[in-house]
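Please examine the following sequence and structure together. A short briefing follows them.

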Amino acid sequence: MGTVVAPVDVDLVQYWILPFPYSLQRTRAGAMDINVVNALTYEDFVKLFGNVVEKCPLISAAIWSHRPFKDLADIEAHITEFILSLPDSGKEGILRCHPDLAGRDLQSGTLTRESQEEQSQAGMTTLDSAEVLQMYRLNSEYKERFGFPFVICARLNKKADIVGQLSERLKNDRAAERERAIEEVKKICRLRLRSIVLSDIQTEL
Ligand SMILES: NC(=O)N[C@H]1NC(=O)NC1=O
């Protein structure tokens, strides 16, 4: 592991991120020790950050080349740059890696851990049967229209907002909606990154 360089006015505490065998060190103020992240092999980096964009470990594998990172924001900036450099088909590919909200993966228990937590936080796991049917119909209509699933940062939206936005965004044209959905992917990514390295800090966008 690399040398730990800490500001003089903070204590470093050991911080375990399960199931990864690393103790990332952080300051009392919550700042990540970027040196520890920069010392990760690419295998471990991808294990740790591989799902910050849902089911797209290629992105963290790609941005590992940009080490050393200055800080968490720098990692995020490289992820954003990578996503924005993709052609439209690549951006739509990223969207297609996302599970529907309240969809088949949720019903069958096959969501990723992150997505399960997010969907649960947004109330998607406690819908009644009429609400599940409503989500199914809106998701199907959306996919039929755009060819990719409706994506929204579930941790920043409650059930009613999600239904409202799903209906509203159906009115967009495909290009505008692709960009809108990628903005949501960036928000999801930002919160996932923060919860990996700053799990006790309240986050806001
Ligand atoms: N479809 C969709 O928005 N999926 C997601 N959103 C989110 O915050 N987590 C997800 O899996």
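**Briefing on the predicted model**

Over residues 38–194 the chain is 66% helix and 0% strand, with its end C-alpha atoms 16 Å apart; helices (H or I, at least four residues) and strands (E, at least two) are DSSP runs numbered from the N terminus. For residues 38–194, an unreviewed UniProt entry gives the feature "domain: Oxo-4-hydroxy-4-carboxy-5-ureidoimidazoline decarboxylase"; such annotations may be inferred rather than shown by experiment. This is a predicted model, in which local features need pLDDT of at least 70, side-chain atom pairs count only at pLDDT 80 or more, and totals for chains, interfaces and linings use all residues. Residues are numbered from 1 along each chain as its sequence is written.

**Ligand surroundings**
- The ligand is surrounded by 15 residues (C-beta atom, placed from the backbone, within 6 Å), and the closest are H98, S115, E118, V151 and A154.
- Nine residues of this shell are nonpolar, two are polar and four are charged, where Ala, Val, Leu, Ile, Met, Phe, Trp, Tyr, Cys and Pro count as nonpolar, Asp, Glu, Lys and Arg as charged, and the others, Gly among them, as polar.

**Confidence**
- The average pLDDT (the predictor's confidence in each residue, from 0 to 100) of the chain is 85, and 81% of the residues score at least 70.
- The pLDDT is below 50 over residues 1–25 and also over residues 200–205.
- Where pLDDT is low, predicted coordinates should not be read in detail.
- The model has an ipTM of 0.99 and a pTM of 0.84.

Terms used. Two residues are in contact if their C-beta atoms, placed from the backbone, lie within 7 Å.
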